[in-house]
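Let's take a walk through this protein model together.

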Amino acid sequence: MPSAKLEVRSLAMQFSTSGADVAALTPVSFGLSEGSFVSVIGPSGCGKSTLFNIIAGLQPPTGGAVLIDGEDATGTIGRVGYMLQKDLLLPWRTVLDNVVLGMEIKGVSRQRARATALPYLQRYGLGGFEDRYPRELSGGMRQRAALLRTLLLDTDIVLLDEPFGALDAQTRSAMQEWLLQIWADFRKTVVFVTHDVEEAVFLSDEILVMSPRPGRVVDRLTVTLPRPRARSVANSADFISLKERCLAHLGHVTPEMAA
Amino acid sequence: MTTSHISAVPRPRVGRFRFPSVFAPRPAFRRLPVPKKWSQRRIVAVQIAVVVAALGGWEIAALLTWIDPFFWSQPSKIWQTGKIFFTQGDAFTDIFFTLRATVLGFVIGTFAGSALGLSFWWSRNYAAVAQPFVVCFESIPKLALAPLVILVFGIGLTSKVAMAVALTLVVSTLTTYAGVQAVDPDSEKLFYSLGASRMQLFRKLVIPAVLPWTLSVLRVNIGLALTGAIVGEFISSQHGLGREILYAGQTYDIALVWVAVLVLSFFAMLMYVAVAWLEKWLRKGVVR
C-alpha cells in the first residue's frame, strides 16, 4: 500500500500480568488514506486505547510497526495529535493558553502561538472565552478547547479517543456536527474511537470493527453516505443497514461487553 | 401467586385502615434548626470582654494573693516591665535577631525542601533510594539536635538559622513530594503525546501542579522556623527573644518572661498574617 497516510502493520501487544501473558492486540493491520475520517468501534477491552497509545508512540508494541507516510514512526512522540477521553485542560492556564500548549511545546513562542490560535477560537465557538479558566467552561466547551489544542498541533493525523463520551446527548450531537465542520476545514486524517455505533456511522468514511480481547479488526465498512450530512441521514436505508451491521458485530460479543 | 394464599392475611380496607403508630401520640414536627448569628461588632465586644475579664481576674487574684505573684506575676507589673523593656534595654536588637533567624531559616528551609521534593520527580530510582533517609530524618526529634547544632555552627546567627531550617526542610520536602506523586499520569501522557521533553513536562506541568502543595506548608513552616530559632537561642545565644526568656526565667524576672513571650506572639502573628497573604497572592497570580 504505497499511498497510505497512516499504516499499522501487524501491530501486536502482549501484557504479562502475574506470570500469565495476555494479548491485548493480536496482529492488527490496516491503512488509512489521507484526509479520511475513520471510526474504530468495539466493546470495552478490545484494545482501542492500547492501539492509540502505540500509534501515538506512548507505548512500545511487542510486535509490528506504525508507518506515517510510509516512514517508520513506531515509538516516536508528537507526530500525531492525540486527544484523550478527559479534556485534561490545565487549570492554571486560560483557555487560550491551554489551546496553544501543543504549539508551545513544539517551540513556537507563546506570543506567536496565541496570535495564531485566537482566530480559531473565535471561529470555532470559543470567542470571548479565551481569557477564561477551564473551570468556568461547560463540558462541551472544554472538549472544544481540548480538540483545538490537538488540531493546532500541525500534525496530519489526529486520534480522538471517545471525545464526546462524557457529554449529554444534546451537547454530543451538537459537537458531532461541529467536529464535521472543523474536519472539513482542517482536512486532517481522523481516527475516532467510540462506543456509539450511530455516532460512528454519522461521522465516518470508514468504520473498523474490533473484537474483544485479544483485539483484532473483524470488519471494515465503507460509509458511502454523501457529505455534508444532515441529521436526517439517520433515517436513510443505507444508514440503518450500516448501523445494523455494526450492531450485529457488537451484539455477537454482548457477554464481554457486560463484563 | 394464588388468591387462597393471600386471603389468609387480613386485608386492610382501603381508606379506613390506619397502621398503628409507634410515634404515639402524634409526631411533633421539628423545625429546621437555624443557628443564631451575632453581628461582627457583638463578637468583637465579647472578645474584648473576655480579655478584660481574664486580665482583671489575674490582677485581682495576684493582689489578693490567691495566686503567688512571685511565680505568676501580674498584668500591671508586666506592663511596667514592658515599658522598661522597650525604652531601656536593647529590645529591638533581640527582636531583630530572632526575626532574622526565623525568616532566613524559613526561606532556606522552604526553598531547599521544595527543590528536594521536586527533584524526586526526575528519577524514580533516586526517589526510591532517598525516601527512607528522608523519612528517617523526619522521625528524628530535630529539637534534640539543638546542642549538636550549636557546637557545629557556633552560638551566633548561623546555628539559629540551621535549627529553623532543620525544622522546616523535611515538611516542605515531604509535602512537595506528595504533590509530585499526585501529578495526573494522564496529563503526563498528554504532554508526551504533544512531543514534550522531560524538561518541558517539568516546567509546564510538574511545577505548576505541585505549587499549591508547596504553598500549603508556608503557614506551618513560619511557625516551625520560629520554634527552631527560639530553641537555638535557648541552648546558647547572646541575643534574641529566646535568650531573653531564658535569662528572665533564670533570674526569676517572671514579668519579663511574659513581656518577651507577648512580643514573640505578636511577631509570630504578624509573620503568619504576612505569609498567609503571600500564599494567597501566589495562588491567585501563579496557580489559579
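This is a predicted model: local features need pLDDT of at least 70, side-chain atom pairs count only at pLDDT 80 or more; totals for chains, interfaces and linings use all residues.

A salt bridge here is a side-chain nitrogen of Lys or Arg within 4 Å of a carboxyl oxygen of Asp or Glu. Side chains of opposite charge can pair when their charged atoms come close. Residues are numbered from 1 along each chain as its sequence is written, chains are lettered from A and ligands numbered from 1 in the order in which they are written, and side-chain values use heavy atoms, with hydrogens and water left out.

Start with Asp196(A) and Arg172(A), which form a salt bridge with their closest N and O atoms 3.8 Å apart. Asp196(A) sits in the loop between β8 (189-194) and α7 (197-203) of chain A, while Arg172(A) belongs to helix α6 (residues 169-186), so the two are distant parts of the chain, 24 residues apart. Helices (H or I, at least four residues) and strands (E, at least two) are DSSP runs, numbered from the N terminus. Are these two partners buried or exposed? The cut-offs are these: buried means under 20% relative accessible area, exposed over 50%, and partly exposed in between (1.4 Å probe, protein chains only). Asp196(A) is partly exposed at 26%, and Arg172(A) counts as buried at 17%.

Now look at Lys5(A), whose side chain meets that of Asp156(A) in a salt bridge (2.8 Å, N to O). Lys5(A) lies in the segment before β1 and Asp156(A) in the loop between α5 (139-151) and β7 (157-161) of chain A, so this pair ties together parts that are 151 residues apart in sequence. Lys5(A) is buried, with a relative accessible area of 4%, whereas Asp156(A) is partly exposed at 42%.

Move along to Glu7(A), found in strand β1 (residues 6-17) of chain A. The side chains of Glu7(A) and Arg9(A) meet in a salt bridge of 3.3 Å, N to O. Glu7(A) is buried at 13%, but Arg9(A) is partly exposed at 42%. How many salt bridges are there over all chains? A search of the whole structure finds 24.

Chain B has 13 helices and zero strands. Of its 288 residues, 37% are buried. Contact means heavy atoms within 4.5 Å, and among the contacts in chain B with a separation of 6 or more, 74% are between residues 24 or more positions apart.

So where do the two chains meet? In all, 19 residues of chain B are in contact with 22 residues of chain A. The area buried between them (the accessible area, with a 1.4 Å probe, that two parts lose on being put together, summed over both) is about 1900 Å², and carbon and sulfur atoms give 66% of it. The rule finds three salt bridges across this interface. One salt bridge to look at joins Lys204(B) and Glu104(A), at 2.6 Å, N to O. On the chain B side, α9 (185-193), α10 (198-216) and α13 (254-287) each supply at least two residues, and α9(B) gives the most, with seven residues.

Zoom in on Phe191(B). Leaving out residues up to four places away in sequence, Phe191(B) touches residues including Leu90(A), Leu101(A) and Ile105(A), as well as Lys204(B) and Leu205(B). A nonpolar core is a set of buried Ala, Val, Leu, Ile, Met, Phe, Trp, Tyr and Cys residues joined through side-chain atoms within 4.5 Å. The largest one has 55 residues, and Phe191(B) is among those with the most contacts inside it, along with Leu6(A), Ile55(A) and Leu159(A). A second, separate core of 50 residues includes Leu89(A) and Cys246(A).

Most residues other than glycine have a negative phi, and most peptide bonds are trans. The peptide bond from Arg227(A) to Pro228(A), though, is cis, with omega near -5°. Pro228(A) lies in the loop between β10 (217-222) and α8 (237-251) of chain A. Glu162(A) has a positive phi of about 45° although it is not a glycine, and Glu162(A) is buried at 15%. Tyr252(B) has a positive phi too, about 55°, but Tyr252(B) is exposed, with a relative accessible area of 53%.
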